[in-house]
Amino acid sequence: MCGIMGYVGSRSAPKVLLDGLRRLEYRGYDSAGIALLLGQTIDIQKSEGRLDNVEKLVQSDPRRLENATCGIGHTRWATHGKPTTQNAHPHQTGHIVLVHNGIIENYIEIKKGVMARGHIPRSETDSELFGFLVLEAMEEGLSLERAVRESFSKIRGQCSMVVMSEREPGVVVGVRNGSPLVIATDPLGGALFASDSQPLLQFTRDVIFLEHGDVAIATAHDLKIIDLKTGALVSRETTHLEWSVEQIDKAGFAHYMLKEIYEQPGALVDTLNGLLDRTGSEPFTLAEQPGVEVLRNAKELVLLACGTSWHAALLGKYWLESWAKIPVSVDLASEFRYRNPVIRPGTVVVGISQSGETADTLAVLRELRARKIPCLGISNVRRSSISRDADAVFYTSAGPEIGVAATKTFVSQLLTLLLFAGFLSRERKTLSVSELSRLFEDVVRLPHVISDGLEQNSEMIKAIDATVNSLTLSSKVFAGVKGFFFMGRGHSFPIALEGALKLKEIAYDHAEGYAAGELKHGPIAMLDPEMVVVVLAPKDSWREKTGSNLEEVKARGAKVVGVGDAEDHQLSQLCDYWIPLPLESRKIDPDLLPFALSPVVQLLSYRRAVLKGTDVDKPRNLAKSVTVE
Ligand code: M6R
């Protein structure tokens, strides 16, 4: 949830740390700080709010920029204690300074202990307490590395930590004990630590993903890894990163989110290329990889995820059940775990997480795997923690997604589930070869469908802009907008949920997604002229019924934004605002229309957020990867 950077070498440490933290800010951004070794002492600058505040503090004294070549930094997403300067990391206890990502579960017990021994914590965090443990261990004569290891044996919980001490200037010790930590040798000498690989790309593409229970010890001349429990040297393979620095820049777009929306066609092409064996003559042939056999043998699937990934799972169920006739249940990872679910023999569990780091999803996979239930993963981040907790992972190839709101990873997850559905339909002979070939041709067309809609000045874009401008800026048309409902049936229902989540996340509007048939069972009572209902009604087998639901909405005076086929004049006439889907979408099977709808709901939220002036890429209270339960 939080972002960690560490550096020791010959470069300007504040520059390395601040540049790195900027690329990690998506992990949490309610406070930040850096600690720099200046001579024999450690100087800490931290602040609530964004990293810019810390940058100003650092720049206020040129000595920091000129002299510091060793330091650690942090961006925080508050768990224990409010997002204040006091609670911001790094935390200092005596000569120990540390940054922490994750949770110390037994912090109350630790706190009682350290206070009973005369220490007075200055923050409300669990993190600071760890510093007292290290301090005490060093007072007993242990080295920094030994003291950190000793202190880890006293805490419970998944976390990573990077620690320095004024008693051992120039030594940086990092521990991965759950939450991710990546290290690299700086080509100019020295070493780098980060909680994911992106900030390291500007220095090197060769990195090491530490394993659970690894301790990395770095100086300007050396970087070694030892085992947390035994202290024995361990060797870890170096990974050459495929992502480039250019991919993690905004490339002229106003926001990452917008860039990522526009990258969706490419994300789909790369995901197809990554998952399919295109040399095979049969449609939907998955490239050989360990998970394929597990999938092939599945008699039933359980899809588990959180947030947007859960919406992808809900949609996957429609395709998997109707094409492959395989029973599928979908659950929120955070719920599944605690409700003693019945899992029948032959069930394969699929955890879906774009980041591969979501604590709820990982925890449930870990538990199920321990019960010998086959577990697969779908993720966008290679070597993320899900690769440890699932038997095998299918990777989407959406490239780095920096905006907190998931967009291109969502459609890539949809595509992966669609490929699963096609593959299993062939294996289980539930669709004929000609049906599969026809569907496959349409799947290959999906990138064109999305890019057709995203063309500059396409009818779809013009209509989205006009709709949102009017809803947001014109008080003549709307006395006010007090809330949004998104509604759809069948394949459009999960997109309705996703549309509402996007609007909540980045535009802070009250928004709910509903199955169109559900509205009259309660939510319709909310409708009045200040409510906006976005009706997703593409030309599929649910179109007529959704049209009737639209009439019900209109009769209650709500303002209606319709999204549907460009030539569905009957529907467009009923709507206050009309957003036509791209013409290319008429060439694909109606089951695939969610791919045409997704950019619409993403752009609606994006445009509204921009007009409302919110921080689109870093919406309040959120973080890109949620590594706490
Ligand atoms: O990395 P994951 O896919 O596991 O993340 C799950 C959710 O936290 C995530 O989808 C969240 O809802 C996004 N911010 C949605 O835009």
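Biologist: How many helices and strands make up the secondary structure of the protein?

Modeller: In this predicted model, the secondary structure comes to 20 helices and 24 strands.

Biologist: Nice! Why are β15 and β16 called paired strands?

Modeller: Pairing takes at least two bridges, and strand β15 (residues 300-305) and strand β16 (residues 328-332) have five, in the parallel sense. Ala-305, for instance, stands opposite Leu-332 in β16. From β15 the chain passes through helix α10 (residues 307-324) to β16, a right-handed β-α-β crossover.

Biologist: Which residues touch the most other members of the largest nonpolar core?

Modeller: Leu-301, Leu-303 and Phe-486 do, in a core of 91 residues. Helix α14 (residues 408-427) gives the most to this core, 11 residues. Domain 2 (261-446) and domain 3 (458-612) each supply at least three residues. Another core lies apart from it, with 31 residues, including Tyr-7 and Ile-402.

Biologist: What makes Val-601 a contact of Phe-486?

Modeller: A contact needs heavy atoms within 4.5 Å, and Val-601 is among the residues that Phe-486 touches, as are Tyr-514 and Leu-604.

Biologist: And what share of the residues is buried?

Modeller: Buried residues, those under 20% relative accessible area, make up 62% of the 629.

Conventions: Residues numbered from 1 in each chain as written. Predicted model: local features only at pLDDT ≥ 70, side-chain atom pairs only at ≥ 80, totals over all residues. Heavy atoms only, no water. Core = buried A, V, L, I, M, F, W, Y, C linked by side-chain atoms within 4.5 Å. Buried < 20%, exposed > 50% of the residue type's maximum accessible area, 1.4 Å probe, protein only. Helix = DSSP H or I, 4+ residues; strand = E, 2+ residues; numbered from the N terminus. Domains from an automatic or database assignment. Right-handed = clockwise from strand over helix to strand, strands pointing away. Lists of a residue's contacts leave out its neighbours within four places in sequence.
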